[in-house]
Amino acid sequence: MKLSKNILLAFTGAIVLIVWGSWQWNSNKVDYNLDVKPILNKHCIGCHGGVKKAGNLSFLFEEDIYQPGKSGKVAVVKGDWKNSEMIRRILSDDPDDRMPKEGPPLSKKEIDILKKWIDQGAEWGVHWAYKRIEEPEVPTVNGWQKWFGGKNSDAEWVRNEIDHFVLKKLRENKLSYNTEADKKTLIRRVSLDLTGLPPSDQNVGAFLADSSENAYEKLVDKLLASPAFGERWAAMWMDLARYADTKGYERDGARVIWKFRDYVISAFNKDKPFDQFTIEQIAGDLLEGPGGFPSDEQLIATAFHRNTMNNDEGGTDNEEFRIAAVIDRVNTTWEVWHGTTFACVQCHSHSYDPIKQDEYYKYFAFFNNSRDEDVPSETPNLRHYSPDDSVMIADLRDWLKERDEKIARQAYQFLKVTEPKINSFRFKLGDRSTYLDSKYLGMMDQGYVWSPTITLQGEDRMLISLGTRTKGAKINFYTDSTRVEKIAEVEVPATGSAWREDLVIVKLPKLEGEYTFFVEALHPKAPDDWIAVTWVSFQHAFPGGKEGEEKEQIYASLLTRKVLLTPIMWEGTGYLARKTHVFERGNWLVKGEEVHPGVPGLFMQLPEGYPPNRLGLAKWMVHRDHPLTSRVIVNRFWEQLFGRGIVETLEDFGSQGAMPTHPELLDWLAVKFMEDFGWSTKKLLKTIVMSATYRQSTVTNPEKNFQDPDNRWLSRGPRVRLGAEQVRDQALAASGLLSQKMWGPSVMPPQPDGIWLSPYNGEKWIESKGEDKYRRAVYTYWKRTAPYPSMVTFDAPSREFCQSRRIRTNTPLQALVTLNDPVYLEAAENLADRMRNSGRTLEEQLAQGYYLLTYKEMSEEKLEVLKKVYLEALAEFKADTSRLSEFLQFSEEKKPEKAALTLAANVLLNLDEVVSKE
């Protein structure tokens, strides 16, 4: 009986263990994104994904994984891992059968996860970043103290909701927060973060003297209202916009596009809602400003996507590089606003995220109708007229509107953007014709070409830009090659060169329908002279008889003005619209099926009423239900302040990117940004810098260094090396040299000789004079093939392509810059003057120099070291006064004391705590 009882107990225990084990197996839900997707990406996607589809099986798209593969067997049978071919292959001992074929086998833990996932129903999941952003509940800060009526220090620490989320993660990771940094540290930190400049002496004095509870908030509001705010954040945006003052590629000629930088600075200063900021840059040319036409500001905004490189080198294919520019626009848009690696989808379906190749080209179709075509003139351009000419344009527009609204719009549009027109390299070549420098149509005597097919609707006037070296040339337009019906005879102006063109307006018979014009050139007096044609435009003549003809003369004179031009986006419609095809394997020469504008099926589709063009796309990008834009942008601003994003991989929110350290905080900020803040950048930044998390001291200890070495969990304040622009601007500001001048063309501050090599045009770096020499770094002229060297040393990119984040380096070259670059040497001389004027004793002067750069008191130990540097330098300069002229290059005073103090100031500019934000 006793034995039977033991057997019964053992049997019962076994049953309990089995039931408990079964419950454990099924109770812990496997998360597809967190648990399964990383395994598939690591071991399976390489052969069964977007690039390859071995065995006709893909683990990238849900519809594929449950279907029979090439073998006829189903890889994943929901609820039954034992009959799932994937598991059988993973467990197989046969080397020809086992998966993965090449690579290490899966671990037992990975296999168990896959088994469990299948048995639980093999539910597919949407990656966290592709889910609609929902506002999470703010965590409580109540600690154990509340149960005993004690003081809750956590509740006293928090300043706003950000701290609730951070505190929760600190508790989970058994970390503590830091107390608030001292006021001197805080004002320098927040000033550098919000304006890119150290605080002014006035701001420091006012803040230190203000003992009110909202003293810090008043400081933040003042910094947000500073004109320097827009310059600081524009510097960040220039990397994303790949802004440069040159076109890139081998020739890398100049480009005049600085008005876009002015637009960005102004937008940040005005706190333009970020959704509007987005729409204007993507589709400003499709908006209707006052009078039904886009405003200059909206058009300038589209230069964001005219910062693409342009290849002016002879022998290149215009269409190839036009397509390269469109591809760059697609990829940049995805990186900047969606944080998604979209570029690989150009050649094949995404390797790790469920985006198909044809979806890339549907998105490509939104941008494919832009009118730029890789020509040296960078057309289309916005023409910037003088005030007097602008009045003439307004008068002409008003006169036309009274007579014909359609012609008024056409004329105004052409005066502003010279569109629509046909660039001449679109003509098909015949005998004695070519593309001059691969860009413009050139014809000799008796040469001929055919135009592209043009659809006309009653146009009775042609504008043509052309020229030749000598007099006596003309070109004739016929309706076909039989030359029976001549519609125009154009006298070619003698401009002295085929490279200089003039505008000719020719009357036409009214033309309706499709035409492919036959064009012949006649130049019997100089048969070997080139006649160059740059563009042709068909338009409606002005109404009003003789008065209309007089107005046309005004119109022509305005079009020939030498004006400032800004490259912009402009949409081609009608016969200028393009068809879009999938490029087979990404090769633009091998076109597959035709596609139309659309967005990936992974995301919400264009809402009803959104036009299938860039404007509809831009509105879709900032729609409340879009899962990425707000998350990505909030993360960008966070990274600028803390040195690391909540998602570290700013450029990749996909399944191969880093997981967010504080996902709920990211979503809370994203929702607030869209809904409560109305896409206000200033409100977002204020919320972040007002948090206790941001205000923490950077002091650390061995425990925190071990548990949180990279400050992922925000257990201390952000200590980050300053950006390239900030290092330079701080040196100029502290020395008193920094110019407050804003706006306008780029400047050329001092840089070493020999950096620029421009064999095509002999362009040289011509150092700016006066205060332009000391302007903020954001205004520095940027040549892609030779960027400003000292800023490149501090990790600034060349801007050939979009760069989401600068990976900070720490190299000896950086110290060589701050110790030897002429900009820093001049700053050191001026800083030395400020130091000398601030105290009577050497110790006071040295300490004041440190204070002007850090707003902290210098320790006795550091002061002694700096004093030793000064005294040794003084002795050397006294011993060899010939070195004074070489060292003191920027002031007339050549004394050993000035040189030694300058050297001490130079050392201060190079200190770690000076080139870092604490």
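**Entry 1: a phenylalanine in a helix**

I started with Phe277, which sits in helix H13 (residues 274-283); helices here are DSSP runs of H or I with at least four residues, strands are E runs of at least two, and both are numbered from the N terminus. Before going on, I noted that this is a predicted model, where local features need pLDDT of at least 70, side-chain atom pairs count only at pLDDT 80 or more, and totals for chains, interfaces and linings use all residues. Residues are numbered from 1 along each chain as its sequence is written, and side-chain values use heavy atoms, with hydrogens and water left out.

Is Phe277 buried or exposed? Phe277 is buried, at 3% relative accessible area; buried means under 20%, exposed over 50%, and partly exposed in between, with a 1.4 Å probe and protein chains only. I listed what Phe277 touches, leaving out residues up to four places away in sequence: Trp237, Tyr263, Val264, Ala267, Phe268 and Lys272. Contact means heavy atoms within 4.5 Å. I also checked Gln298, which is 21 residues from Phe277 in sequence and 9.4 Å from Phe277 in space, C-alpha to C-alpha.

**Entry 2: the cores**

Next I looked at the largest nonpolar core, which has 147 residues. A nonpolar core is a set of buried Ala, Val, Leu, Ile, Met, Phe, Trp, Tyr and Cys residues joined through side-chain atoms within 4.5 Å. Tyr216, Trp237, Phe260 and Tyr363 touch the most other members. Another core lies apart from it, with 56 residues, including Trp765 and Leu866. In soluble globular proteins, nonpolar side chains tend to be buried together.

**Entry 3: two helices crossing**

How do H21 and H22 lie relative to each other? Helix H21 (residues 629-642) and helix H22 (residues 663-676) pack at about 105°, with axes 9 Å apart. Axes are lines fitted to C-alpha atoms, for helices over the stretch in contact, and angles run from 0 to 180 degrees between N-to-C directions. H21 and H22 are therefore roughly perpendicular, a label for angles of 65 to 115 degrees. On the H21 side I found Trp638 among the contact residues, and on the H22 side Phe673 is one of them.

**Entry 4: a strand with two partners**

I moved on to strand E8 (residues 474-478), where four of the five residues are buried. E8 pairs antiparallel with strand E9 (residues 486-491) over five bridges, and also antiparallel with strand E11 (residues 518-522) over five bridges. Two strands pair if DSSP finds at least two bridges between them. Tyr478 has Lys486 in E9 as its bridge partner, while Phe477 stands opposite Val519 in E11.

Most residues other than glycine have a negative phi, and most peptide bonds are trans. I found a cis bond between Met99 and Pro100, with omega about -5°; Pro100 is in the loop between helix H4 (85-91) and helix H5 (108-119). Another cis bond joins Thr379 and Pro380, with omega about 5°.

For positive phi, I noted Lys174 near 55°, in the loop between helix H7 (161-172) and helix H8 (183-195). Lys174 counts as exposed, at 66% relative accessibility. Trp743 has phi near 75° and counts as partly exposed, at 36%.

Technical notes:
Parallel < 35°, antiparallel > 145°, perpendicular 65-115°, else oblique.
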